[in-house]
Amino acid sequence: MKDNNDKVVGGVLAGINYWNTLEIKILWVEENFRKQGVGSTLLVHLENEAKKRGTSMAMVDTFGFNVEGFYLKHNYEVIGELQGFPKNHKRVYFSKKIIKVKAQT
């Protein structure tokens, strides 16, 4: 995603794996653009593209000190936690059911 000056302010590294699951590896937003809807716009676009491709589920993991609340706000469910990784923090694993888009007639 770019701003009005064509500067990259956010992006996503994700793909649909061989189990037809959207796997989000990185969703990044430049610090000055956080809490302005950039991350939500990227995530919704990504989920919509996954729906078009018949994906049934999304998954992502992040660190507890990072953006755990962001994924909860977007209806992701915590499916696991790894305490103490990194030290004094936790890694959180999320999933979300994606509803398939029906073909238009």
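Analyst: Two residues are in contact when heavy atoms lie within 4.5 Å. The model here is predicted: local features need pLDDT of at least 70, side-chain atom pairs count only at pLDDT 80 or more, and totals for chains, interfaces and linings use all residues. Residues are numbered from 1 along each chain as its sequence is written, and side-chain values use heavy atoms, leaving out hydrogens and water.

User: Which residues is threonine 62 in contact with, leaving aside its neighbours within four places in sequence?

Analyst: With those neighbours set aside, threonine 62 touches Val67, Glu68, Tyr71, Lys90, Arg91, Val92 and Phe94. Threonine 62 has a relative accessible area of 7%, so it counts as buried (under 20%, with a 1.4 Å probe and protein chains only; exposed is over 50%, partly exposed in between).

User: In which strand is threonine 62 found?

Analyst: Strands are DSSP runs of E, at least two residues long, and helices are runs of H or I, at least four, both numbered from the N terminus. Threonine 62 belongs to strand β3, residues 57-63. Strands β3 and β5 (residues 90-97) run antiparallel and are joined by 7 bridges; two strands pair if DSSP finds at least two. Aspartate 61 stands opposite tyrosine 93 in β5.

User: What is the order of the strands in the open sheet?

Analyst: Strands of a sheet pair through backbone hydrogen bonds, either parallel or antiparallel. This open sheet of 5 strands has mixed pairing and the order β1-β2-β3-β5-β4. Its edge strands, β1 (10-16) and β4 (77-83), each pair on one side only.
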